[in-house]
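Here's a quick briefing to read alongside the model below. Keep the viewer open and click along as the topics come up.

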Amino acid sequence: MPWISSKHNMGFAFNRSTWSTIRKCAQHFCFYDDYNWDWSLHYVSQQCLQKKLHAMIVKGPRVFHIGEW
């Protein structure tokens, strides 16, 4: 499913080739005027990446937001 920054921002992992692709868009990431990494990455995905990011979602996540407890 397509990655949505507001839904898929609790834990994130990717391989080296994905990281290299994202890193080539550093100007977009670093200079996007936002204080949250997920929205900056969303901007990169929309403005710079040729292929949009996708998420694999599991039923039982191992990462939780401490504010939800």
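Tyr32 is partly exposed, since its relative accessible area comes to 30%. Its ring partner is Tyr43: the two ring centres sit 4.3 Å apart with planes at 15 degrees, so this pair is stacked. Bear in mind that this is a predicted model, and that local features were taken up only where pLDDT is at least 70.

**Aromatic pairs**

- How many aromatic pairs does a search of the whole structure find? The search comes back with two.
- In the other pair, Phe14 and Trp19, the ring centres are 6.1 Å apart and the planes make an angle of 10 degrees, so that one is stacked as well.
- Phe14 is partly exposed, because its relative accessibility is 38%, and Trp19 gets the same label because its value is 43%.
- Back to the tyrosines: Tyr32 lies in the loop between helix H2 (26-31) and H3, while Tyr43 belongs to helix H3, so their pairing ties together parts of the chain eleven residues apart in sequence.
- Tyr43 also counts as partly exposed, at 28% relative accessibility.

- The structure holds one disulfide, and it joins Cys25 to Cys48 with an S to S distance of 2.1 Å.
- Is the Cys25 and Cys48 link left-handed or right-handed? The angle about the S-S bond is -80 degrees, and the link is left-handed.
- This pair links distant parts of the chain: Cys25 is in the loop between helix H1 (16-23) and H2, Cys48 is in the segment after H3, and 23 residues separate them.
- Setting aside neighbours within four places in sequence, Cys25 is in contact with Val44, Cys48 and Leu49.
- Val44 is 19 residues from Cys25 along the chain, yet their C-alpha atoms are separated by 6.6 Å.
- Cys30 has its place in helix H2, and it is exposed because its relative accessible area is 53%.
- For another distance to check, Cys30 and Leu41 are eleven residues apart in sequence and 9.5 Å apart in space, C-alpha to C-alpha.

**A buried aspartate**

- Is Asp38 buried or exposed? At 6% relative accessibility, Asp38 is buried, because the cut-off is under 20%.
- Asp38 is part of helix H3, which runs over residues 37-47.
- Once neighbours within four places in sequence are left out, the contacts of Asp38 are Trp3, Ser5 and Asn9.

**The largest pocket**

- The largest pocket holds about 840 Å³ of space.
- It is lined by 30 residues, and His8, Gly11, Phe12, Ala55 and Met56 are the closest to its centre.
- Sorted by class, the lining of the largest pocket has 15 nonpolar residues, ten polar ones and five charged ones.

**The chain as a whole**

- The C-alpha trace spans about 35 × 25 × 20 Å along its principal axes.
- The chain has 69 residues, and buried ones make up 19% of them.
- Take the contacts between residues at least 6 apart in sequence: 59% of these join residues at least 24 apart.

Definitions and conventions: Residues numbered from 1 in each chain as written. Predicted model: local features only at pLDDT ≥ 70, side-chain atom pairs only at ≥ 80, totals over all residues. Heavy atoms only, no water. Helix = DSSP H or I, 4+ residues; strand = E, 2+ residues; numbered from the N terminus. Buried < 20%, exposed > 50% of the residue type's maximum accessible area, 1.4 Å probe, protein only. Contact = heavy atoms within 4.5 Å. 1 Å grid on protein atoms, 1.4 Å probe; cavity = no way out; pocket = protein on both sides within 12 Å on 5 of 7 lines; lining within 4 Å. Points joined across faces, edges and corners; volume = space filled by probe spheres on them. Nonpolar A, V, L, I, M, F, W, Y, C, P; charged D, E, K, R; others polar. Phe/Tyr/Trp six-rings, centres within 6.5 Å; stacked < 30°, edge-to-face > 60°. Disulfide = S-S within 2.5 Å.
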